[in-house]
Amino acid sequence: MLIKSADDKSKRLALLKDLQKSPLLDRRQRDWLRDEQFRLKRGIAGERDAAHFLDNYLRDDPDRMLLHDLRFQVDGEVVQIDHLVLTRGMFVYLLETKNYNGSLRINEHGEFSVEYSGERVFGIPSPLEQSRRHEGPLRKLFERLEICGRNGGAPHIEHCVLVSPSSLIHRPPAKAFDTTNVIKADGFRAWHEKFQQNTGFTPGRFVGALMNIRGADTTEEFARKLVRQHRPSDLLALPEFMKPRGEVGCALHTAAKAYSLIPPRAKQARQGESQYAVPFRRQVSL
């Protein structure tokens with residue numbers, strides 16, 4: 001069931017584009033605005049494409065709650081999650097989206113890099129480790145919101161990296177480094193079904209899931225609790241070197257302030273509202 005769609009970031013894109021028109025920018029400011037606009041556009045495109053495949057798979061599933069584009073603040077830490085799936089069996093899937101223009105390479109040490117045009121190779125932070133760093137603060141949030149299984153058990157968290165369907169993924173031998181959880185976005189359904197068959201329904205985990213299983217209405221309420229904790233980033237925020245200082249800073253500050261006066265788009269109607277509780281099913285949703 002689709003609970004939350006991605007936030008609208010069009011205002012920030014427009015701001016970054018318009019600020020670049022100022023003749024008062026120095027080279028550092030101009031480069032930052034251009035790079036920030038490129039990163040944001042690429043990130044939005046990657047998350048949108050991944051959301052398309054996830055929505056097609058999970059939008060109408062009453063046993064699994066789908067949330068896009070979450071940002072939490074937990075004890076001073078900021079946790080940003082591209083996509084989250086919460087199931088009645090208290091399985092939580094954290095899905096990290098990466099939109100690479102080149103070929104993704106992963107070596108036997110778990111190091112990630114991107115190759116462009118068969119010539120330039122750039123090392124990048126591990127998106128798996130990036131997702132795993134979210135786990136600690138997220139568990140604190142689950143505990144405070146009392147998001148747990150029927151017997152009080154904590155949710156099981158699984159991490160997955162989604163890349164563009166057009167990307168090439170060069171993997172090391174499975175015995176050297178397991179890349180099972182790095183997949184193309186259009187393959188999430190197959191990955192999830194295989195996960196349930198090979199991992200989710202081992203005897204011990206199956207019994208644990210049965211003891212933890214929640215009703216569809218309770219699971220939906222847990223998901224909506226998370227939405228209420230969402231703290232969107234400031235779409236008009238600029239780094240220190242872009243803030244008001246002299247003539248250039250005042251021009252940028254004036255432009256940013258003008259964008260803050262633009263009325264936001266009307267909020268989209270809540271999607272995935274359940275009008276009735278789904279009866280208990282024997283099969284556990286993982």
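This is a predicted model: local features need pLDDT of at least 70, side-chain atom pairs count only at pLDDT 80 or more; totals for chains, interfaces and linings use all residues.

Visitor: Which residues line the largest cavity?
Guide: Among them are Gly 46, Asp 49 and Ala 50. Thr 97, Lys 98 and Asn 99 also line the largest cavity, and so do Leu 162, Val 163, Ser 164, Pro 165 and Ala 185.

Visitor: How much space lies in the largest cavity?
Guide: About 50 Å³. With a cut-off of 30 Å³ or more, the count is 1 cavity.

Visitor: Where does the largest share of the lining come from?
Guide: From helix 2, with 3 residues. Helix 2 (27–58), strand 4 and strand 8 each give at least two residues to the lining of the largest cavity.

Visitor: How many bridges join strand 4 to strand 8, and do they run parallel or antiparallel?
Guide: There are 8 bridges, and the two strands run parallel. Across that pairing, Tyr 93 stands opposite Glu 158 in strand 8.

Visitor: And strand 10, how does that pair with strand 8?
Guide: Strand 10 (residues 182–184) pairs with strand 8 in the parallel sense, over 3 bridges. Val 163 is opposite Lys 184 of strand 10 there, and Val 163 is also one of the residues lining the largest cavity.

Visitor: Switching to rings. How many aromatic pairs are there?
Guide: The count comes to 9 aromatic pairs. One of them is Tyr 93 with Trp 191, which is edge-to-face, with 6.1 Å centre to centre and 80 degrees between the planes.

Visitor: What does the Tyr 93 and Trp 191 pair tie together?
Guide: Tyr 93 is in strand 4 (residues 91–98) while Trp 191 is in helix 5 (residues 188–200), so this pair ties together parts that are 98 residues apart in sequence.

Visitor: Is Tyr 93 buried or exposed? And Trp 191, buried or exposed?
Guide: Tyr 93 is buried, at 1% relative accessibility. Trp 191 counts as buried too, at 8%. The cut-off for buried is under 20%.

Visitor: Which residues do ring pairs link into a cluster?
Guide: Ring pairs link Tyr 57, Phe 91, Tyr 93, Phe 188, Trp 191 and Phe 195.

Visitor: What about Arg 28, which ring does it lie over?
Guide: Arg 28 sits over the face of Phe 241, 3.8 Å from the ring centre.

Visitor: How do strand 5 and strand 6 pair?
Guide: Strand 5 (residues 103–106) and strand 6 (residues 112–116) pair in the antiparallel sense over 4 bridges. In that pairing, Arg 105 stands opposite Ser 113 in strand 6.

Definitions and conventions: Residues are numbered from 1 along each chain as its sequence is written. Side-chain values use heavy atoms; hydrogens and water are left out. Rings of Phe, Tyr and Trp (its six-membered ring) pair if their centres lie within 6.5 Å; planes under 30 degrees apart count as stacked, over 60 as edge-to-face and the rest as tilted. Buried means under 20% relative accessible area, exposed over 50%, partly exposed in between (1.4 Å probe, protein chains only). A charge sits over a ring if NZ of Lys or CZ of Arg is within 6 Å of the ring centre and within 35 degrees of the ring normal. Two strands pair if DSSP finds at least two bridges between them. On a 1 Å grid over the protein atoms alone, a cavity is a set of points where a 1.4 Å probe fits but cannot get out, and a pocket is an open set with protein on both sides within 12 Å along at least five of seven lines; lining residues have an atom within 4 Å of a point. Grid points are joined across faces, edges and corners, and a volume is the space filled by probe spheres set on the points.
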